[in-house]
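Dear colleague,

Here is the structure I promised to pass on. Please open it alongside this note; what I found follows below.

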Amino acid sequence: MSTNRRSFLKLSALAGLGMVAPVSCKPEADAEEKGALSDILEQVNAKYEPVFNMSGYAAPPLPQVRLAFIGTGNRGSAAVERMSRIDGVKIQAICDVRKSKAEAAKARITSSGHPAAIYTDDPDAWKQVCEDPDIDLIYVATHWALHADIAVYAMEHGKHVALEIPAATTVEDCWRLVTTSEKTKKHCVILENCCYDFFELLTLNLARQGYFGEIVHCEGAYIHDILDSFFEEDARFDFWRLKENTGRNGNLYPTHGLGPICQILNVNRGNRLEYLTSMASKDFSLGPKAEELAKTDERFKEYAGKNFRGNMNTSSVFTASGSTIMLQHDVSTPRPYSRIHLISGTKAFAQKYPLPGKIAVGHEDFLTEDQLKDLENKYTPEIVNRIGQLAKRIGGHGGMDFMMDWRLIDCLRNGLPVDMDVYDAAVWSVIGPLSEWSVANGSKPIDVPDFTMGRWKENKVHDINLQTGGNTKVIEN
């Protein structure tokens with residue numbers, strides 16, 4: 001790997017610690033500029049030492065989790081309803097810049113004992129929520145640009161935080177999350193619901209039991225035609241997602257596909273992502289739609305003639321174990337929904353999407369339905385056996401949303417390590433800005449920061465079989 005490539009990323013990361021000036025990820029950051037920085041990198045890097053290892057950390061138990069929501073659009077309001085069904089949760093506050101959204105979210109509470117004060121009068125009202133000493137956990141479901149700022153402020157004010165995806169959109173902010181979590185000893189959990197999909201959990205347990213043999217290659221994706229919603233202000237407050245796709249060209253939403261794969265490959269817990277390369281198609285949809293709408297709607301004139309993200313982004317990642325990962329992102333062409341979720345090992349193969357989940361142990365055919373059912377009976381992890389059917393009844397993407405929320409609360413109430421810690425939040429999210437850099441630089445490879453700072457070699461995998469905990473009850477109406 002070239003010194004310049006390694007140096008560029010190290011400096012970008014360290015900028016988040018306030019040690020050096022931020023480095024642009026734009027194409028105009030020329031090679032000479034990046035190369036000139038290599039002389040100071042080792043000196044700067046040596047100034048930073050790990051503070052505290054949040055992987056496997058068990059925070060003091062919270063028998064009652066006093067919870068606040070910031071951002072109650074589609075995702076946040078649904079989470080309010082789900083969390084109100086979990087015993088031991090007390091919803092203290094709901095914050096949104098739109099009063100109607102905050103009040104509608106409060107109306108979705110299904111159980112008693114939730115004062116749920118409304119914060120909506122000030123764009124910075126979220127700071128008041130984070131400062132409230134009677135809150136333990138902040139659940140963030142705002143637009144992406146606020147995720148890191150709210151999380152850092154919340155942890156600095158003694159709160160655990162749960163962040164919708166991606167947790168951050170810059171390398172610098174990923175490092176801010178890590179350093180703040182370590183300094184405060186507060187959890188920063190990424191709310192990656194796809195890690196609780198039933199098939200993904202089955203393949204995770206199969207991988208841990210050696211069913212696939214050595215993992216050679218994995219694939220993940222987020223392919224979902226949501227183009228029209230980018231231009232609907234009610235669906236995307238202040239057209240925030242359209243703005244994210246204007247001027248940013250990379251895999252902006254990597255974690256649905258990447259999160260479950262990283263868990264299968266033990267990333268941050270015995271393995272790590274080393275470097276990636278990324279390529280994007282041109283934009284065939286966003287720009288033309290913006291141009292057409294701008295003819296009759298003043299709101300879109302500022303987007304006419306702008307550069308938009310290419311429709312399809314394909315990124316490849318190399319890991320310390322020697323396994324490879326292919327990630328794809330396309331949210332603006334009329335393809336069937338797919339997260340792909342493919343695992344290819346020396347002994348077996350699995351894939352879900354665009355077809356239902358299938359597993360094979362040879363090149364000729366997949367397992368029959370009866371064989372797959374036998375495999376599920378033997379290897380379905382205990383978290384699914386314990387809460388899966390109840391999660392399906394309550395809902396949220398087939399139950400995986402509820403299982404994610406229930407597991408988070410169960411860990412906090414029992415003082416257990418969380419399934420998805422701050423290092424996961426950082427490394428899964430950092431694919432966004434790194435892929436932007438690679439695309440802008442002719443698909444050159446770029447190193448992925450080691451947010452664990454070497455501790456990945458000793459960190460242990462998270463518990464999916466409820467060896468401890470699992471005693472949080474659910475309130476059914």
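The core comes first. The largest nonpolar core has 137 residues, and Ile-138 and Leu-177 touch the most other members. By nonpolar core I mean a set of buried Ala, Val, Leu, Ile, Met, Phe, Trp, Tyr and Cys residues joined through side-chain atoms within 4.5 Å. Buried is under 20% relative accessible area, exposed is over 50%, and partly exposed lies in between (1.4 Å probe, protein chains only). Helix α15 (residues 400–414) gives the most to this core: nine residues. Apart from this core lies another, of six residues, including Met-312, Met-326, Ile-340 and Leu-342.

A caution on the source. This is a predicted model: local features need pLDDT of at least 70 and side-chain atom pairs count only at pLDDT 80 or more, while totals for chains, interfaces and linings use all residues. Residues are numbered from 1 along each chain as its sequence is written, and side-chain values use heavy atoms, with hydrogens and water left out.

Back to Ile-138. Leaving aside residues up to four places away in sequence, its contacts (heavy atoms within 4.5 Å) include Ala-68, Ile-70, Val-129, Ile-150 and His-160.

Next, the strands. Helices (H or I, at least four residues) and strands (E, at least two) are DSSP runs, numbered from the N terminus. Strand β7 (residues 215–223) is mostly covered, with eight of its nine residues buried. Two strands pair if DSSP finds at least two bridges between them. β7 runs parallel to strand β10 (residues 324–330), joined by seven bridges. There, His-217 has Thr-324 of β10 as its bridge partner. β7 also runs antiparallel to strand β11 (residues 342–345), with four bridges. Ile-215 stands opposite Gly-345 in β11.

Now helix α11 (residues 255–264). 10 of its 10 residues are buried, so α11 is largely enclosed by the rest of the structure. Among them are Thr-255, His-256, Pro-260 and Gln-263. Just after α11, Asn-266 takes a positive phi of about 60 degrees.

Best regards
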